[in-house]
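Thank you all for coming.

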Amino acid sequence: MENPSFEVKLELIDNYKFEIDFGDFGQIMTDEPEPLGEGDGPNPSRLLGAAVANCLAASLMFAIRKYKGDPGKVSAKVKGDMERVDGRWRVTHLFVELALGNRAAAIDKLDRILGQFEDFCVVTQSVRSGIEVAVTILDEDGLVLSSSE
């Protein structure tokens, strides 16, 4: 694959509400929360958080499956912090929690996997130069396997 690219189209519907067209993957609506918008959809900051968490979860699953492991039903939660930087609101921190649906002991080479899976997450590594991203990995029992907080 040589220099892959993608295209997403946006169209203003009303006020701050946009329809985002992912082509073959369908459309979603975004909106800013009140008082700017009406809060009829996720705003770009939430989409950014979702993109980082989704990419990390997919990278973790890929790494586990590469060694023939079973991650179980993986879930993710992301919390974003915003602060004023030079007078403007910026997403400054993302705290991502990934939860495996399997026990750590059941996953072979887990230490190696946890040490490298983030490097393969395109979205996280792309935004890390401007946004601090902390990642915590939990197993099925809620045991913290890894944390960069």
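This is a predicted model: local features need pLDDT of at least 70, side-chain atom pairs count only at pLDDT 80 or more; totals for chains, interfaces and linings use all residues.

Residues are numbered from 1 along each chain as its sequence is written, and side-chain values use heavy atoms, with hydrogens and water left out.

Let me begin with the disulfide, which is defined as a pair of cysteine sulfur atoms within 2.5 Å. Searching the whole structure gives one disulfide, and it is formed by C55 and C121, whose sulfur atoms are 2.5 Å apart. This pair links distant parts of the chain, since C55 sits in helix α1 (residues 44-66) and C121 in the loop between α2 (110-116) and α3 (122-127), 66 residues apart. When I say helix or strand, I mean DSSP runs numbered from the N terminus, with helices being H or I of at least four residues and strands being E of at least two. Both cysteines, C55 and C121, are buried; here buried means under 20% relative accessible area, exposed means over 50%, and partly exposed lies in between, with a 1.4 Å probe and protein chains only.

Now to the largest pocket, which holds about 670 Å³ of space. A pocket is found on a 1 Å grid over the protein atoms alone, as an open set of points where a 1.4 Å probe fits, with protein on both sides within 12 Å along at least five of seven lines, and lining residues have an atom within 4 Å of a point. The volume is the space filled by probe spheres set on the points, which are joined across faces, edges and corners. The lining of the largest pocket has 17 residues, and F6, F22, L47, A51 and V123 are the ones nearest its centre. The elements giving two or more residues to this lining are β2, α1 and α3, and α1 gives the most, with four residues.

Where does F22 lie? F22 is in the loop between β2 (17-21) and β3 (27-30), and F22 is partly exposed, at a relative accessible area of 32%.

Turning to salt bridges, each being a side-chain nitrogen of Lys or Arg within 4 Å of a carboxyl oxygen of Asp or Glu, a search of the whole structure finds six. One of them joins D40 and K17, at 2.8 Å from N to O; D40 lies in the loop between β3 and α1 and K17 in strand β2, so the pair ties together parts that are 23 residues apart in sequence. D40 is partly exposed at 42%, while K17 counts as buried at 18%.

Finally, some backbone details. Most residues other than glycine have a negative phi, and most peptide bonds are trans. In this model, however, a cis peptide bond joins E34 and P35, with omega about 15°, and P35 is in the loop between β3 and α1. K68, which is not a glycine, has a positive phi of about 65°, and K68 is placed in the loop between α1 and β4 (75-85), where K68 is exposed at 75% relative accessible area. That leaves the nonpolar surface patch of about 670 Å², made by F6, V8, L10, F22, F25 and I28. Patch residues have over 30% relative accessible area and no salt bridge, with like charges joined within 9 Å and nonpolar side chains (Val, Leu, Ile, Met, Phe, Trp, Tyr) within 5 Å; areas are Shrake-Rupley, 1.4 Å probe, with only the protein chains shown as cover for residues.
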